[in-house]
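Hi,

Here is the model I promised to pass on.

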Amino acid sequence: SPPSFALAANMNGSPGQYQIANPNPASSPSTPYSTDYPDDVESFDVYSHPIRTLYSEVRWRMDPPIPLPEDVVRRFEDKTM
């Protein structure tokens, strides 16, 4: 079966497009915030059960664990993601 991960475009738009509206003025300018990443970055999606809330509600509860795809677990066993 095909792997559960795939190469994808940056979901934040064009490189440099997403900016923090109120950046910390005390942060170092040598490490600017960026959502840009190299073309060889991989990602995968994990879906939970449907969560229903009203617009004004804040949901603060734990959900049951959601298992990761087995090929991802094997690939990153004893590694940091």
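Below is what I found in it, starting with the overall picture and then going down to single residues.

First, some ground rules. This is a predicted model, so to speak: local features need pLDDT of at least 70, side-chain atom pairs count only at pLDDT 80 or more, and totals for chains, interfaces and linings use all residues. Residues are numbered from 1 along each chain as its sequence is written, and side-chain values use heavy atoms, with hydrogens and water left out.

Among the elements, H1 has the highest mean pLDDT, 90, while strand S1 (residues 6-7) has the lowest, 58.

Along the sequence they follow the pattern β-β-α.

Of the 81 residues, 4% count as buried; that means under 20% relative accessible area, with exposed being over 50% and partly exposed in between (1.4 Å probe, protein chains only). The accessible surface is about 7,800 Å², and carbon and sulfur atoms hold 57% of that. Areas come from the Shrake-Rupley method with a 1.4 Å probe, and for residues only the protein chains shown count as cover. As for contacts (heavy atoms within 4.5 Å), 60% of those between residues at least 6 apart in sequence join residues at least 24 apart.

There is one salt bridge, meaning a side-chain nitrogen of Lys or Arg within 4 Å of a carboxyl oxygen of Asp or Glu. Arg-59 and Asp-63 make it, at 2.7 Å from N to O. Arg-59 is partly exposed at 28% relative accessible area, and Asp-63 is partly exposed too, at 29%.

Then there is a nonpolar surface patch of about 420 Å², made by Val-46, Ile-66, Leu-68, Val-73 and Met-81. Patch residues have over 30% relative accessible area and no salt bridge; nonpolar side chains (Val, Leu, Ile, Met, Phe, Trp, Tyr) are joined within 5 Å, like charges within 9 Å. Val-73 sits in helix H1 (residues 70-75) and can belong because its relative accessible area is 37%, or partly exposed.

Last, Tyr-47 lies in the loop between strand S2 (42-43) and H1 and is exposed at 65%. Its C-alpha atom is 7.9 Å from that of Ile-66, 19 residues away along the chain.

Cheers

Methods:
Helix = DSSP H or I, 4+ residues; strand = E, 2+ residues; numbered from the N terminus. pLDDT = per-residue confidence, 0-100.
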